[in-house]
Amino acid sequence: MHNPNDFEKSIGRVIGHIFGNDVKPANIRRLSGGASQETWLISTEAQPVILRRVPHGISKPANSTSITMQTEAALVEAAANAGVKAPKVLYTLTAADDLGYGFIMDYVDGETIARPILRDPEFADARENLSRQCGEELAKIHALDIRSIDGVSRMSGLAQIDQYEAIYRDMGVSRPIFELALQWLRQTAPQPLADVLVHGDFRLGNLMVKSSGLAAVLDWELAHIGDPREDLGWICVNSWRFGKTQNRVGGFGTIEPMLEAYNQHRGLNLQPQDIDWWEALGIWKWGIMCLIMYEAFRSGSDESVERAAIGRRVSETEIDLINLLERAHA
Amino acid sequence: MHDQPSVIELLQAVKNFINDTAAPNLTGHAAFHAKIASNVIDIIMRDISARPENDRREIQQLQALLEAEGLNDLAELNRILCERIRTGEITGANDDLMAHLKAAAISQIKVDQPRYSGLKTALGSDGD
C-alpha cells in the first residue's frame with residue numbers, strides 16, 4: 001500500500017508536467033470505479049481533470065475482456081481527434097509517474113446517473129435528442145480507423161456467446177432460462193456485418209449528458225472489433241432503460257431516431273428488428289456478467305455487499321429473456 | 001425456540017439502524033453500500049416468507065415437466081432441465097417449459113426486485 005502523501009506528490013508532479021510546474025492540484029477526490037479501476041477528479045488552478053487508472057499490483061480479473069489502460073487512452077484520443085464526443089486525453093501515465101497504468105483527461109461537465117437524466121425536468125431536451133445523438137455518435141465511433149492502435153481484439157457475436165458460455169459452465173450453476181436463451185441465440189444468429197470498432201459499453205452510466213443531450217462518451221475499456229449492431233442492441237437492453245421500459249433506447253427514446261441517424265451517416269438500412277438478436281445477446285451477457293460479479297464475492301476476492309447483492313440482479317435478465325423468448329416462440 | 005423478537009423483527013431492526021443511524025453518517029461509496037445493504041435486508045425478508053411455497057411449487061412443476069416424480073432436490077431438477085435444454089431434448093416450442101420458466105422467473109423477481117419493469121411486462125402479457 002502506498003502512502004497517501006506519495007500519491008498526492010505523484011499527482012502533483014503529473015499536473016506539473018501537463019500545465020507547467022507552477023500549477024498545483026487543489027483537491028483530489030475519488031469518484032467511483034470497481035475493484036480494479038479508479039476514477040479521480042482532480043481540481044487544479046488551471047482546470048479540473050479526470051484521472052483514470054489501475055493502481056500497481058492490481059491484476060485484471062479472470063475472464064476480463066477489457067483492454068489495457070494504454071490502449072484505452074489511445075482509443076479515446078483517436079476518437080476525440082476524429083470528432084467523436086470524447087474527453088481530450090491530456091497525458092498518459094508512465095512508469096516514472098508511479099501511479100500505475102492510466103491517463104489524465106479533460107473533465108467534461110454533466111450527469112452520468114440515469115435517474116436524473118430520465119426523470120428530471122432539466123434533462124427534458126436531452127431526452128428528446130439523445131436517441132438521434134446516440135445514432136450519430138455510434139456512427140462516428142464505428143467509422144474510426146484504429147489500425148495504428150494495438151491491443152484491440154476481435155469479438156464477433158458468436159465468439160462472445162462461446163466466451164460467456166465457457167464462463168457460465170465454469171461456474172457450475174444451473175439457470176434454465178440462460179440455457180434456453182443460449183440455444184435460441186445460436187439457432188437464430190444473423191450473418192455478421194462488416195467489422196467496426198465497437199465501444200462495447202455504450203449506455204447511460206457511461207455517457208456524460210448535459211441539458212441539450214450527449215456531451216461525451218466515456219468508459220472505453222470494453223472496446224473491441226466486431227459487429228456494429230452490438231452497440232445498437234446493448235443500449236436497448238431493458239436493464240439500461242432504468243425503469244422506463246417503454247423507451248427502447250436507454251429509457252429515453254424510441255429506436256427509430258437512433259437508427260435513422262445511424263443509417264444516414266453510415267449508408268446502411270438497419271431496421272428495428274435487426275437489433276432484436278443483439279438486444280437479446282446483451283441481456284444474456286449482462287446476466288452472466290452479474291453472475292461473474294457475484295462470483296467475486298463467493299470466491300472471497302471481493303467481500304462487499306455490492307458484489308453479493310448483484311447476484312440477485314441475475315433474475316432481472318431472466319425475466320427480460322423469458323419475455324423476449326415468449327414473443328419469439330409465439 | 002423463542003421468537004421475541006422474530007428473525008423478521010431482527011432484520012427490520014438492522015434495516016432501521018442502517019437507514020436511520022448509519023446511512024446519514026456515511027458519504028460517497030460507503031453511503032452507496034449502506035443503501036444496497038438496506039435493499040438486501042428487504043430481499044432477505046421477502047425470501048424468508050416466499051421461499052417455502054416457491055420451492056414447493058417449482059419442484060412440483062419440474063417433476064411434472066421432467067417426469068421425475070420421485071426427485072425432490074430442486075438443484076438437481078434444475079440441473080437435469082438445463083441438460084435437456086442443452087441437448088435439445090426439450091425446446092422453447094414446449095408450452096409447459098415456457099409456462100414453468102415464466103412462473104419461476106416471476107416468483108424469483110418478486111423476491112429479488114419486485115419493482116423491476118420486466119415484471120410488469122411479464123404480468124401484463126400474462127393477464128396475471
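Modeller: A salt bridge here is a side-chain nitrogen of Lys or Arg within 4 Å of a carboxyl oxygen of Asp or Glu. By that rule, four salt bridges cross the interface of chain B and chain A. Please keep in mind that this is a predicted model.

Biologist: What makes B:Asp47 and A:Arg312 a salt bridge?

Modeller: The closest N and O atoms of B:Asp47 and A:Arg312 are 2.7 Å apart. The cut-off is 4 Å, so the pair qualifies.

Biologist: How many residues of each chain are in contact, and how much area do they bury?

Modeller: The contact joins 36 residues of chain B to 29 residues of chain A. Together the two chains bury about 2700 Å², with 65% of it on carbon and sulfur atoms. On the side of chain B, B:Arg86, B:Met98 and B:Tyr116 supply 19% of the buried area, more than any other three residues.

Biologist: Which polar contacts and elements belong to this interface?

Modeller: Between chain B and chain A there are 11 residue pairs in polar contact, both residues being at pLDDT 80 or more. Four elements of chain B give two or more residues each to the side that touches chain A: α2 (28–66), α3 (74–87), α4 (95–112) and α5 (117–126). Of these, α4(B) gives the most, with 10 residues. By residue class, that side of chain B has 19 nonpolar, 11 polar and six charged residues.

Biologist: Now to chain A by itself. What are its domains, and how far apart are their centres?

Modeller: The assignment gives domain 1 (4–106) and domain 2 (114–329) of chain A. Their centres, taken over C-alpha atoms, are separated by 26 Å. The contact between them takes 20 residues from domain 1 of chain A and 24 residues from domain 2 of chain A.

Biologist: How much area is buried there, and which residues of domain 1 lose the most?

Modeller: About 1900 Å² is buried between domain 1 and domain 2 of chain A, and carbon and sulfur atoms give 62% of that. In domain 1 of chain A, A:Thr65, A:Leu75 and A:Lys85 lose the most area to domain 2, together 34% of what that side buries.

Biologist: How do you know that A:Arg52 and A:Asp219 form a salt bridge?

Modeller: Their closest N and O atoms lie 3.0 Å apart. That is within 4 Å, so the name applies. The count between the two domains of chain A is three salt bridges, alongside eight residue pairs in polar contact. Helix α2 (residues 69–81) of chain A gives the most to the side of domain 1 that touches domain 2, with seven residues.

Biologist: And what makes A:Arg154 and A:Asp195 a pair that links distant parts of the chain?

Modeller: A:Arg154 is in the loop between α4 (124–142) and α5 (157–171) of chain A, and A:Asp195 is in the loop between α6 (176–187) and β6 (196–198) of chain A, 41 residues apart. Yet the closest N and O atoms of A:Arg154 and A:Asp195 are 2.7 Å apart, so with a limit of 4 Å they form a salt bridge. The whole structure holds 35 salt bridges over all chains.

Biologist: Last one: why are β7 and β8 of chain A said to pair?

Modeller: Pairing needs at least two bridges, and these strands have four, so they pair, in the antiparallel sense. Within this pairing, A:Met208 has A:Ala216 in β8(A) as its bridge partner. With two residues between them, β7(A) and β8(A) form a hairpin.

Methods: Residues are numbered from 1 along each chain as its sequence is written. Chains are lettered from A and ligands numbered from 1 in the order in which they are written. This is a predicted model: local features need pLDDT of at least 70, side-chain atom pairs count only at pLDDT 80 or more; totals for chains, interfaces and linings use all residues. Side-chain values use heavy atoms; hydrogens and water are left out. Domain bounds come from an automatic or database domain assignment. Contact means heavy atoms within 4.5 Å. Buried area is the accessible area (1.4 Å probe) that two parts lose on being put together, summed over both. A polar contact is a pair of N or O atoms within 3.5 Å; within protein, one must be able to donate a hydrogen and the other to accept it, and residues adjacent in sequence count only if both atoms are side-chain atoms. Ala, Val, Leu, Ile, Met, Phe, Trp, Tyr, Cys and Pro count as nonpolar, Asp, Glu, Lys and Arg as charged, and the others, Gly among them, as polar.
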